[in-house]
Amino acid sequence: MATLYVSPHPDDFRSLLALLAAEAWPSSGVKIVTDNPPANLCARSTPALVLGAGDGGAVLSGANAVAWYLAVQGKRAGAGVKQQSEVWQWLSFADNELIPPSCAVVFPLMGLQQTSRVELLRILKVLDKMLEPKTYLVGESVTLADMAVASALLLPFKYVRALEPSDRDALTNVTRWFTTCINQPHFIKVLGKVTLCEKMAPEKTNAEAKACSNPCAAAAAGDMAQATPNGRQMTFPQVNISTCSLCLADVVSPLPDSYSPQYVEAAWYPWWEKQGFFKPEYGRQSISDPNPQGIFMMCIPPPNVTGSLHLGHALTNAIQDCLTRWHRMRGETTLWNPGCDHAGIATQVVVEKKLMRDKGMSRHDLGREKFIEEVWKWKNEKGDRIYHQLKKLGSSLDWDRACFTMDPKLSYAVQEAFIRMHDEGVIYRSKRLVNWSCSLNSAISDIEVDKKELMGRTLLPVPGYKDKVEFGVLVSFAYKVDGSGNDEEVIVATTRIETMLGDTAVAVHPDDSRYRHLKGKMVAHPFCERKMPVVFDDFVDMSFGTGAVKITPAHDHNDYEVGVRHGLPFVNILDENGLLINVPPPFLGMKRFEARKAVLEALQDRGHFREVKDNPMVVPVCSRSKDIVEPLLKPQWYVSCTDMGKQAADAVREGRLKIIPDHHLKTWFNWMDNIRDWCISRQLWWGHRIPAYFITVNDPSVKPGEDVDGHYWVSGRTAEEAREKAAKRFNVTSDKVALRQDEDVLDTWFSSGIFPFSIFGWPNETRDLSVFYPGTLLETGHDILFFWVARMVMMGLKLTGKLPFKEVYLHAVVRDAHGRKMSKSLGNVIDPLDVITGISLEGLHAQLTFSNLDPVEVERAKQGQKSDYPNGIPECGTDALRFALCAYTSQGRDINLDVNRILGYRHFCNKLWNAVKFAMKTLGDNFVPSEKMCGEESVADRWILSRLSAAVGLCDAGFKAYDFPAITTAIYNFWLYELCDVYLESVKPVFSKEGDEKQAGVCRQTLYTCLDVGLRLLSPIMPFVTEELYQRLPRRRPQLDAPSICVTPYPDAQEVSRKKSTFGEEVRTIRSLRADYNLTKTRADCYLQCADAATVSLVQTSNVQIQTLSYSQAVIPLSAEQVVPAGCAVAIASDRCTVNLMIKGLIDVDKELSKLQAKKGELTKLMEKLHDKMATGDYRDKVPLKVQQQDGEKLRQSQTELDKVQEAMDNFSKMK
């Protein structure tokens, strides 16, 4: 029999969900226990389900995991994989979208009710629309989806001032569905008869609120208390998170027994936002007023409006928010400006698919204007989803300044930028090769082209083709030399055989003796009358294949350059849809990859085919449409980048712009010094339509122009302005000018390139522009260094004459625990919300259903998930995720993220929780913190204050150097190893009844200082748990201190002066020796050899404290003349004292020597391998600089480690 442990609180919606799922499995005989599970079961939280009898049964914990298991057994998890996936999505919806606003509405004392109520109604309106054609959420009967969503809505429907009857009348479908659910037999059995609240509860006065120890009960007073089916009186779970400045007394009630991320993170963010803490105006009369602390401004890399949260977003926002919060706590005028990108291609694709799915129409059926209306409608309904997800990460953005790149303000800036640059000649018209997606009918940027590496023959799916298409083969065929009597031929090879229909030459190297006799000769095309010259060009690699290369100038980037150099014809054989044009029958009108087969067969029939073989290659794939990208000649708009690129490179060379880490400098200079002009045309409807007009002059004296001729194009803010420009250019009256506006829109990166100043109203001289531009910092991933960062620098300098920011910090790429790039096909992509709230293995599997993977890849991905997350991903919380991401962010290295490490940081949160609980109990209810230390601190007090001072210094240096691992390590070590493991243990005797009350008072002040400063140190990284704990502490100056930890001063060296600890170095040295010899739990005798009698006396006086702080068995002072017993490890602590730690008998010397010998062998082998690699002749020339730097660092680290190993071996050898 299974046993289900649930919360005793009858309105705990998580336990109710588990009970509903259990009731839906009536034959199970699940035993219900309304209590916490026994400690020996190691269940993380309630509800928990124990499968089988005794302690040996499997344990599931967490509402979703338990409910899913029970629902599957009771056949309430959906019929088939598709429905099960939908059910799991509704579980996630209830957790992430419904529960936070529902909980926040419960607490009117927070001042959050109105904000949360608006958010709840917004979500319910969307839900109402989805329920319009349905009785239940999934399928035709009640499933776990209905149970989860209904459970999440119980509180606002029953008790609180959230939904008036008029609201429910407007939410017809939601109310109908909710009423249907709660009247189901198993709902009634669990919930009893549910009565919907018919009257808005009255506001309570502040006095009444403070008098009530349980704010939930206060809000639910009177008729809201009713009997449950088992006769118990219904009361709310106590969740005291009211933080209104008038109600701080509510957060000094007892902390729950253990840390719960959902409890802590439920409602702080709306309060922060409501109080205006994230706005630069907070605490200031005007942002224009000089601030001696300075200004910090950073704009977010605007996520796509179509986007959803992934770990790259989580890393970016964890780092940016930490920096923002740190600068804000330093007293700077701080602005982190949010925004969202219109994502031209991605958004158009999403809406086109929706239009076809819902109405069976294409965008062409609607027309441009109607289609744009549909996109705006979709944006207004779905487009702010990414903002809600960013809030879940705790991102302290000023949401009142949020910008969308298609907003009127930003659209005007885009138009102005184009016109100014076009008038100056920086933007020009030209016909060149572009990356073309036949599916999208548009040019795409390089970043939208995925490079798919193939090792040989591979069949790939291509949109619009029933059968997969062959890639990864090299086809060789012969061109006959024209006029040769002996059928002389030149053999060439290609991976795209269909492009030979557009060949206009064969190229060979000038020094290739095999072909010198062909100079001036022609070869004949087998399928048309075209005669093609043999040209001699240095780009040809004589050693590859036959040394002869077919040239297709209109369909290959290298061939294009050859065609320009030699004046070859450019024969375009593809139209915008990928159909063949300008080719002879039978190929005319064929689809490109059908022509691939036809051309190969025709070459075989005519005797020109020679061979086909496997060939490793890279296939360009459109990231949006998954189509194969084709180089295509198109007239487009280009930005001349040579001069701007030079200015951007010079800004870095001259030190005006700093790029961190500096190993990215080589990439920067390589791009900027060899920059090509930028194609900014996109053949889309969604985006900023190019404000350029083609001119037709109705005057016989003016000859008609061609599309590629820039002289016949003019730009203007309005058609009338453009007409006036055209009339002036051609010296005619404006009535003779006809204009046709370009149908294309601008590349999305164009509007992103001016984002740092367009968000402040440029070109208008606004206050925000004068205060916040240029910005302070740009933080982003190194993968968009060129696509976004470089273009912002170039366009900022061009249009404003100023750099858009002073520093660029580039973070690393997130990989999985095995170092693999995150890929859906590997099943290792992690949604941060799954880490925050937890997800079962079945839930991870269900997500693959909608990933458009082949069945084979789905199974492979499932195996990867099963291997990495056999029990799913446990609930870790936002704070733990943020801490883990910062801890991993070593400069210049990719991040191999192990979910188990994140869980470890959740345990760290629990350690914080327990430490503060213990400290609050120790401080007592009447504790009043003093404004400064008294100077009578004990050895232990001075030691912990010295460690706190060191942590403050390390954090300050870490933030200034963007060294996030140094910050997290300093904070982690202080809280865990110094405050909790040592200091709290050492002072417990002081607080005992027989202790010295005066010394206990001094200890309390020290402890308070550690908590206060320690929480503020951690706040930028873990904002939620630190706020929750900080609100429980008394204030040094209650009337003057800030209401929230996020706007209190960040600790500095002046605040926490370094207290000289008499034996601080000795304690540190002993602890270091213990770590070196892995004496984690074993106490050892310690002999302190002192230089003089005064030091011996001091050791004797402080013997107990040193023993406690260093975790020693005994501390024995020795004079300089006394002999130290044999078998000690030795380390010098200071010029007055040498530490001798007795380890003989505590460790197996031979075993330790054996392990060290093996380690020495490994290090020696690794170093030899690195030396051999670095000694090769072409290492400096061919190996990338980044890899060379990594190799050098590995060698240095290995040598340091080898020296330590040898030193340890020498010490152990002396003990034998």
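**Entry: ground rules.** I am reading a predicted model, in which local features need pLDDT of at least 70 and side-chain atom pairs count only at pLDDT 80 or more, while totals for chains, interfaces and linings use all residues. Residues are numbered from 1 along each chain as its sequence is written, and side-chain values use heavy atoms, with hydrogens and water left out.

**Entry: the whole chain.** I noted that buried residues make up 54% of the 1216 residues; buried means under 20% relative accessible area, exposed over 50%, and partly exposed in between, with a 1.4 Å probe and protein chains only. I then turned to contacts, meaning heavy atoms within 4.5 Å, and found that among those between residues at least 6 apart in sequence, 76% join residues at least 24 apart.

**Entry: cysteines.** How many disulfides does the count give? I found zero, taking a disulfide as a pair of cysteine sulfur atoms within 2.5 Å. For cysteine 322 the closest cysteine sulfur belongs to cysteine 886 and lies 3.6 Å away, which is too far for a bond. For cysteine 299 the closest one is in cysteine 403, at 9.9 Å, again too far for a bond. I also checked burial: cysteine 322 counts as buried at 0% relative accessibility, and cysteine 299 counts as buried at 4%.

**Entry: glutamate 630.** I located glutamate 630 in strand E22, which covers residues 630-639. Is glutamate 630 buried or exposed? I read a relative accessible area of 3%, so glutamate 630 is buried. Its side chain makes a polar contact with the side chain of arginine 496 at 3.1 Å; a polar contact is a pair of N or O atoms within 3.5 Å, where within protein one must be able to donate a hydrogen and the other to accept it, and residues adjacent in sequence count only if both atoms are side-chain atoms. Leaving aside neighbours within four places in sequence, I listed the contacts of glutamate 630, among them Val434, Trp436, Arg496, Arg592 and Phe593.

Entry: I placed threonine 800 in helix H27 (residues 785-800), where threonine 800 counts as partly exposed at 22% relative accessibility. Which side chain makes a polar contact with the side chain of threonine 800? I found that of tyrosine 773, at 3.0 Å, and I saw that the side chain of threonine 800 also reaches the backbone nitrogen of lysine 802 at 3.1 Å. Not counting residues up to four places away in sequence, threonine 800 touches Phe757, Trp762, Tyr773 and Met795. Tyrosine 773 is joined to proline 774 by a cis peptide bond with omega of about 0°, and proline 774 lies in the loop between H26 and strand E30 (777-781). The peptide bond from tryptophan 762 to proline 763 is cis too, with omega near 15°, and I found proline 763 in the loop between helix H25 (755-758) and helix H26 (767-772).

**Entry: a strand pair.** I followed strand E14 (residues 473-481) to E15, with which it runs antiparallel through six bridges; two strands pair if DSSP finds at least two bridges between them. Serine 476 has alanine 493 as its bridge partner in E15. On strand E15 (residues 489-494), Val490, Val492 and Thr494 form the covered face, whereas Glu489, Ile491 and Ala493 form the uncovered one.

**Entry: positive phi.** I noted tyrosine 962, a residue other than glycine, with a positive phi near 55°. Tyrosine 962 sits in the loop between helix H33 (939-960) and helix H34 (964-987), and at 7% relative accessibility tyrosine 962 counts as buried.

**Entry: cavities.** A search of the whole structure gave me four cavities of 30 Å³ or more. I took a cavity as a set of points, on a 1 Å grid over the protein atoms alone, where a 1.4 Å probe fits but cannot get out, with lining residues having an atom within 4 Å of a point. The largest cavity has a volume of about 60 Å³, the volume being the space filled by probe spheres set on the points, which are joined across faces, edges and corners. Its lining includes Phe13, Arg14, Ala63, Asp95 and Ser151.

How values were computed
Helix = DSSP H or I, 4+ residues; strand = E, 2+ residues; numbered from the N terminus. 1 Å grid on protein atoms, 1.4 Å probe; cavity = no way out; pocket = protein on both sides within 12 Å on 5 of 7 lines; lining within 4 Å.
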